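Reader: I've got a model open and some questions about its core and pockets. Can you walk me through them?

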Amino acid sequence: MVESLEKNLQRGIKLLNNITDEQYVNNTIPPYYSSIGCHMRHILDVFSCIFKGLENDFIDFSVRERNECAEKETATGIAYFKSITHQLKQIKKEDFTK
């Protein structure tokens, strides 16, 4: 499971390495008018909530980071992806039973 998640996170990094900041923040495409950056940041925020929840034995998806820089700058988004990937690798087998 961790390998699959890591592979998908690496795909996110690859995407961000191949688009401009302008493309990353473009929110003019219907029907949702939401940017790639906004979606990526939201996905990473969910991971972050899970990791924090594992530490506290309580996952609260309403307390997300919402790091606006991570949705506006590809470099910051890539750093966020790498941080989440690092945290994913720290999960122990017993964490999956929580």
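Reader: Which residues does Leu16 touch, not counting residues up to four places away in sequence?
Author: This is a predicted model, where local features need pLDDT of at least 70, side-chain atom pairs count only at pLDDT 80 or more, and totals for chains, interfaces and linings use all residues. Residues are numbered from 1 along each chain as its sequence is written, and side-chain values use heavy atoms, with hydrogens and water left out. A contact means heavy atoms within 4.5 Å. On that basis, and skipping residues up to four places away in sequence, Leu16 touches Tyr24, Met40, Thr74, Gly77, Ile78 and Phe81.

Reader: Is Arg41 buried or exposed?
Author: Buried means under 20% relative accessible area, exposed over 50%, and partly exposed in between (1.4 Å probe, protein chains only). Arg41 has 9% relative accessibility, so it counts as buried.

Reader: How many residues does the largest nonpolar core have?
Author: Such a core is a set of buried Ala, Val, Leu, Ile, Met, Phe, Trp, Tyr and Cys residues joined through side-chain atoms within 4.5 Å. Leu9, Leu16, Leu44, Phe51, Phe81 and Ile84 have the most contacts inside the largest one, and its total is 17 residues.

Reader: Which residues of the lining lie nearest the centre of the largest pocket?
Author: The lining divides into 11 nonpolar, 1 polar and 3 charged residues (Ala, Val, Leu, Ile, Met, Phe, Trp, Tyr, Cys and Pro count as nonpolar, Asp, Glu, Lys and Arg as charged, the others, Gly among them, as polar). Of these 15 residues, the ones nearest the centre are Ile50, Leu54, Ile91, Asp95 and Phe96.

Conventions. 1 Å grid on protein atoms, 1.4 Å probe; cavity = no way out; pocket = protein on both sides within 12 Å on 5 of 7 lines; lining within 4 Å.
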